[in-house]
Amino acid sequence: MSRKNYGDYVPFFIKAGPQPLLIVRHPVHVEKVLTASKRSTFPAALIETFDKLYGSSPAVLRKYAGKGASEVDKAALESAHVTVAQKYLTGEPLSAFVETYISIMSSNLNNKMFQVGTWTQIENSWQFLRQVVTRCILESLLGTDIFKQYPGVIRDYWAFADAIDGFIPGLPRYWVPSAALQARDRLLQGIEKWLKANHSGSEFARIGDEDPWWDSLKGSKFVQERDDVLAKVEGMDIKSRAAEMLSIIHQ
């Protein structure tokens, strides 16, 4: 991969255990990868991650492996992971998402009651920034109601994220710490509660051209459409939909 072909954004591989990872940095290159990612089955590492980390049901994992999945289900899974991501995470929709995040970030910082004209002391700047940034990302993705339905989501997410730090697909299941699984189970229960409150029924998604990009109850159009597509997959129960949502939050 030469600089002549890719300029200052040359993709590169890193070795992470048994699975080499390709790092793609330029938005144009990302869009090309998403466009080219047509597949009838999903990578074993992704399936393993949904199994060991996110807690998807065995029935859904089999569909990801191409076993017992109808052509309709295969197309839906492909759409959720590739088409919907390409639709909302490139071009103008991505700009709308960024603008929403910036607006939420500004509002959250303004609510911190910083003193004007003097220094405001923050005892632990890393914890402060992590809390604020995580809240703003969750709010941008899922809306504000997630914090009402699940007040401990940020605490539990970081307990989960810290516990799985260094996880590498291919290692035995017992390498996933019990602390991660406990936090994961609390996250799934909390996200399930939010899904039942805001993503119930067959017509919950508001993704028409006239609908706003972001909804305080249902979240971003990206999250709404992705969950709407997955909810129509046969055997995709509420826990597996919560696992899919956790994967979006973590990624």
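Colleague: What is the handedness of the crossing of H5 and H11?

Modeller: A crossing is left-handed if the near helix is turned anticlockwise from the far one by less than a right angle, and right-handed if clockwise. Here H5 and H11 cross in the right-handed sense. Helices are DSSP runs of H or I with at least four residues, strands are runs of E with at least two, and both are numbered from the N terminus. Before we go on: this is a predicted model, so local features need pLDDT of at least 70 and side-chain atom pairs count only at pLDDT 80 or more, while totals for chains, interfaces and linings use all residues. Residues are numbered from 1 along each chain as its sequence is written, and side-chain values use heavy atoms, with hydrogens and water left out.

Colleague: At what angle do H5 and H11 pack, and how far apart are their axes?

Modeller: Two packed helices are described by the angle between their axes and the distance between the axes. The axes are lines fitted to C-alpha atoms, for helices over the stretch in contact, with angles from 0 to 180 degrees between N-to-C directions. For H5 (residues 71-88) and H11 (residues 221-231), the angle is about 165° and the axes are 9 Å apart. That makes the pair roughly antiparallel (under 35 degrees is roughly parallel, over 145 roughly antiparallel, 65 to 115 roughly perpendicular, the rest oblique).

Colleague: Which residues make the contact between H5 and H11?

Modeller: Contact means heavy atoms within 4.5 Å. H5 brings in Ala76, Leu77, Ser79, Ala80, His81, Val84, Ala85, Lys87 and Tyr88, and H11 answers with Lys221, Phe222, Glu225, Arg226, Val229 and Leu230. By class, that contact has 9 nonpolar, 2 polar and 4 charged residues (Ala, Val, Leu, Ile, Met, Phe, Trp, Tyr, Cys and Pro count as nonpolar, Asp, Glu, Lys and Arg as charged, the others, Gly among them, as polar).

Colleague: How many residues of H11 are buried?

Modeller: Buried means under 20% relative accessible area, exposed over 50%, and partly exposed in between (1.4 Å probe, protein chains only). H11 is mostly covered, with 10 of its 11 residues buried. Leu230 is a handy one to click on in this helix: it counts as buried because its relative accessibility is 2%. Apart from neighbours within four places in sequence, Leu230 contacts Tyr64, Leu77, Ala80, Met236 and Glu244. Its C-alpha is also 8.8 Å from that of Asp73, 157 residues away in sequence.

Colleague: Which residues have the most contacts inside the largest nonpolar core?

Modeller: A nonpolar core is a set of buried Ala, Val, Leu, Ile, Met, Phe, Trp, Tyr and Cys residues joined through side-chain atoms within 4.5 Å. The largest one here has 49 residues, and Leu142, Phe160 and Phe222 top the contact list. Its largest share, 7 residues, comes from H10 (residues 178-198). Beyond four places in sequence, Phe160 touches Leu53, Tyr54, Ala180, Ala183, Arg184, Leu187, Leu246 and His250.

Colleague: At what angle do H3 and H10 pack?

Modeller: H3 (residues 44-54) packs on H10 at about 95°, with the axes 10 Å apart. That makes the two roughly perpendicular. Asp51, Lys52, Leu53 and Tyr54 in H3 meet Leu181, Arg184 and Leu188 in H10.

Colleague: How many helices and strands does the protein have?

Modeller: There are 12 helices and 4 strands. Of the 251 residues, 42% are buried.
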